[in-house]
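Hi everyone, thanks for coming. Let's take a short tour together, and please have the picture open while I talk.

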Amino acid sequence: MSIKSLILTVSAGTLLFLSSCNQKPLGNFNLFPIEDDMALGKQVSDQIANDPSQYPVLRERGNEEVYRYIRTMTRNILNSGAVQHKDKFKWEVKIIDDDKTLNAFAAPGGYIYVYTGLIKFLDTEDQLAGVMGHEIAHADRRHSTKQMSKSFGIGILAEAALGQQGNIRDIAAGLVNLRFSRSHESESDAYSVIYLCNTKYNATGAAGFFRKMEGRSGTPEFLSTHPNPSNRVEKIEAKAKELGCAPKQEQSREHNRIKALLR
């Protein structure tokens, strides 16, 4: 039996066993092996790189300062000491050159994508760091494969991790518009605070982002799941207070410089 057939057989058998036992919902449990998170993320990353019409990745040449800014921010968050898979996942950041889209998303294994539209829309480094912390949490807490296992089935994910091209295209498209559960969104909000608490960024950076988004039409997918932005602001601020995170002066000067470079 091939490795691919073995994985699919084991996956199907596991799901059949769980169904036959009539278990309670799996909740935060993830049937997808963590090694396959990394393999799937690499496959999705390659698919995005090879589809510039759908995912126009900003060229690094000529945009070195912009990439240095976002990658330094990512490293600062990863070095906070709270990211579980800091040394295991890839943590590769790419920028999508699309000024009309206010979005960011994370593929399994730490592949993170941020749209120029979101960078330009935000006012401060703290707000962007809050969003980055939120996306890092989705990858670190393995929310993507938990959610996609429900949407696609674990067998489809296993095929994609092994390089099944049709499945990879569908999964890449699904990640951009993936709707996480309420519990996953709340957990990512909380971990954004945890990650940022010991950095130079305001731990409540994500709250600034949600305030800016309130009442705005064309809400990105990662805001489409309840709780609503105002409730999320309250919970983020309460989490920062619970952790004793020191308030910091909002940082806008460097962010504005980077925004000007993208024009």
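A word to start with: buried means under 20% relative accessible area, exposed means over 50%, and partly exposed is in between, using a 1.4 Å probe and protein chains only. What we have here is a predicted model, where local features need pLDDT of at least 70, side-chain atom pairs count only at pLDDT 80 or more, and totals for chains, interfaces and linings use all residues. Residues are numbered from 1 along each chain as its sequence is written, and side-chain values use heavy atoms, with hydrogens and water left out.

How confident is the predictor? The score is pLDDT, its confidence in each residue, from 0 to 100. The protein chain averages 83, and 81% of the residues score at least 70. Over residues 1-27, though, the pLDDT is below 50, and beyond near neighbours in sequence this stretch has 19 contacts in the model; contact means heavy atoms within 4.5 Å. Where pLDDT is low, the predicted coordinates should not be read in detail.

Now find threonine 116. It sits in helix α4, residues 116-121. Helices here are DSSP runs of H or I with at least four residues, strands are runs of E with at least two, and both are numbered from the N terminus. Is threonine 116 buried or exposed? With a relative accessible area of 1%, threonine 116 is buried. Its side chain makes a polar contact with the side chain of aspartate 99, at 2.6 Å. By polar contact I mean a pair of N or O atoms within 3.5 Å; within protein, one must be able to donate a hydrogen and the other to accept it, and residues adjacent in sequence count only if both atoms are side-chain atoms. Leaving aside residues up to four places away in sequence, threonine 116 touches Ile95, Ile96, Asp97, Asp98, Asp99 and Leu262.

Threonine 199 is buried because its relative accessible area is 10%. Its side chain reaches the backbone oxygen of leucine 196 at 2.8 Å. Beyond four places in sequence, threonine 199 touches Asn76, Ile77, Ser80 and Lys248.

Tryptophan 91, in the loop between α3 (64-78) and β1 (92-96), has a positive phi near 55 degrees without being a glycine. Arginine 142 lies in the loop between α5 (125-140) and α6 (143-152), and this non-glycine residue has a positive phi of about 60 degrees. Tryptophan 91 counts as buried at 10% relative accessibility, and arginine 142 counts as buried at 13%.

Definitions and conventions
pLDDT is the predictor's confidence in each residue, from 0 to 100.
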